[in-house]
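Take a walk through this model, one site at a time.

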Amino acid sequence: MADSRTPRSSEGLGSTSPAPAVTRAAAVMDALAASATGRLTLSDLARELGIPKSSTSNLLLALEEARLISRQGAEFTLGRKLVELGAAYLSRLDEVQEFYKFCEQAPTLSGETVRIAMLDGTNVIYLARYEGHPAVRLTSNIGDKMPVSLCAVGKALIARLHDHDIEAMFSDDAELPVLTPKSLRTGAELKAQLTTIREQGYAFEDEESTTGVVCLAVSVPTRGAHGPSLGLSVTALKATYSEEQGSRMVKELNELARSLGNPMG
């Protein structure tokens, strides 16, 4: 995968940064996270950063000592320290703690797979997952990214944006990522769904990311001027899903969204 990347200029990443080493360290971790195998060699990373192998080697040594990356033979992977840092970040988000408490007590959601996600450009990042019994187990884990067009929570979140912002993100002929035969394929198809989402107040995903699985989602009212753009979703098996079940799910998702967006009621 690394060989297909476009080499950076000879000046290298971070050459105009006030702290080049920090910029390059972040780029190393981004490259490892984006790698199909999760592993890259020194040569791969030096090519990605556009700096000499000797400089890259010193950078990798410092990251390894900090446990931010790990060496496995001639290859490097993300380190377990990142898990600790991620857990610390999530533990300080009041919304995440409230999310788990609500799901445990909700009549319908307590038996389902429910997730909270944050909008990140044209993707969502999953912050937490509550697994009821039985749970619909999906491939997305905490910290994973998913294109907004492939998931109900992504569509619910971008439906809140202004039309000109959506147009800047997705032109009508934009080609969207495809995971199943039912995945949306163009920006025009996505924008057509957003109109319905705004009218009904929730998003519905019909086997667009995982065959045999449907998903409903709502957005969380923004908390404060700089609060994160959060959304909630619940998944169900298509074979056993009913509109009555969906209505109950949406009702409880909206109750949870109001609680997270305005904890004072």
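Serine 209 sits in the loop between strand S7 (203–206) and strand S8 (213–219). Strands here are DSSP runs of E with at least two residues, helices are runs of H or I with at least four, and both are numbered from the N terminus. This is a predicted model, in which local features need pLDDT of at least 70, side-chain atom pairs count only at pLDDT 80 or more, and totals for chains, interfaces and linings use all residues. Residues are numbered from 1 along each chain as its sequence is written, and side-chain values use heavy atoms, with hydrogens and water left out.

Is serine 209 buried or exposed? Serine 209 is buried, with a relative accessible area of 16%. Buried means under 20% relative accessible area, exposed means over 50%, and partly exposed lies in between (1.4 Å probe, protein chains only). The side chain of serine 209 makes a polar contact of 2.6 Å with the side chain of glutamate 205. A polar contact is a pair of N or O atoms within 3.5 Å; within protein, one must be able to donate a hydrogen and the other to accept it, and residues adjacent in sequence count only if both atoms are side-chain atoms. Set aside the neighbours within four places in sequence, and serine 209 is in contact with Met146, Leu150, Leu179 and Thr180. Contact means heavy atoms within 4.5 Å.

The side chain of glutamate 208 reaches back to the backbone nitrogen of aspartate 206, at 3.0 Å. Beyond four places in sequence, glutamate 208 is in contact with Ser149, Leu150, Lys155, Leu179, Thr180, Lys182, Ser183, Leu184 and Gln193. Glutamate 207 belongs to the loop between S7 and S8 as well. Glutamate 207 is buried, at 13% relative accessible area. Its phi is near 55°, a positive value in a residue other than glycine.

Another positive phi is found at arginine 67, at about 65°, although arginine 67 is not a glycine. Arginine 67 lies in the loop between H3 and strand S2 (69–72). Arginine 67 is partly exposed, with a relative accessible area of 40%.

Now turn to helix packing. Two packed helices are described by the angle between their axes and the distance between the axes. The axes are lines fitted to C-alpha atoms, for helices over the stretch in contact, and angles run from 0 to 180 degrees between N-to-C directions. Helix H1 (residues 20–34) packs on helix H3 (residues 53–65) at an angle of about 75°, with the axes 10 Å apart. H1 and H3 are therefore roughly perpendicular to each other. Angles of 65 to 115 degrees count as roughly perpendicular, under 35 as roughly parallel, over 145 as roughly antiparallel, and the rest as oblique. H1 brings Ala21, Arg24, Ala25 and Val28 to the contact, and H3 brings Leu59, Leu60 and Leu63. By class, the contact of H1 with H3 has 6 nonpolar, no polar and 1 charged residues. Ala, Val, Leu, Ile, Met, Phe, Trp, Tyr, Cys and Pro count as nonpolar, Asp, Glu, Lys and Arg as charged, and the others, Gly among them, as polar.

The axes of helix H2 (residues 42–49) and H3 come within 9 Å and cross at roughly 110°. H2 and H3 are therefore roughly perpendicular. Leu42, Ser43, Leu45, Ala46 and Leu49 of H2 meet Lys53, Thr56, Ser57, Leu59 and Leu60 of H3. The residues of this contact of H2 with H3 divide into 6 nonpolar, 3 polar and 1 charged.

Next comes phenylalanine 76, in strand S3 (residues 75–78). At 4% relative accessibility, phenylalanine 76 is buried. Among the residues it touches, not counting those up to four places away in sequence, are Leu32, Leu42, Leu45 and Leu60. Phenylalanine 76 and leucine 45 are 31 residues apart in sequence, and 9.2 Å apart in space, C-alpha to C-alpha.

Finally, step back to the whole protein. The secondary structure comes to 9 helices and 9 strands. Buried residues make up 42% of the 265 residues.
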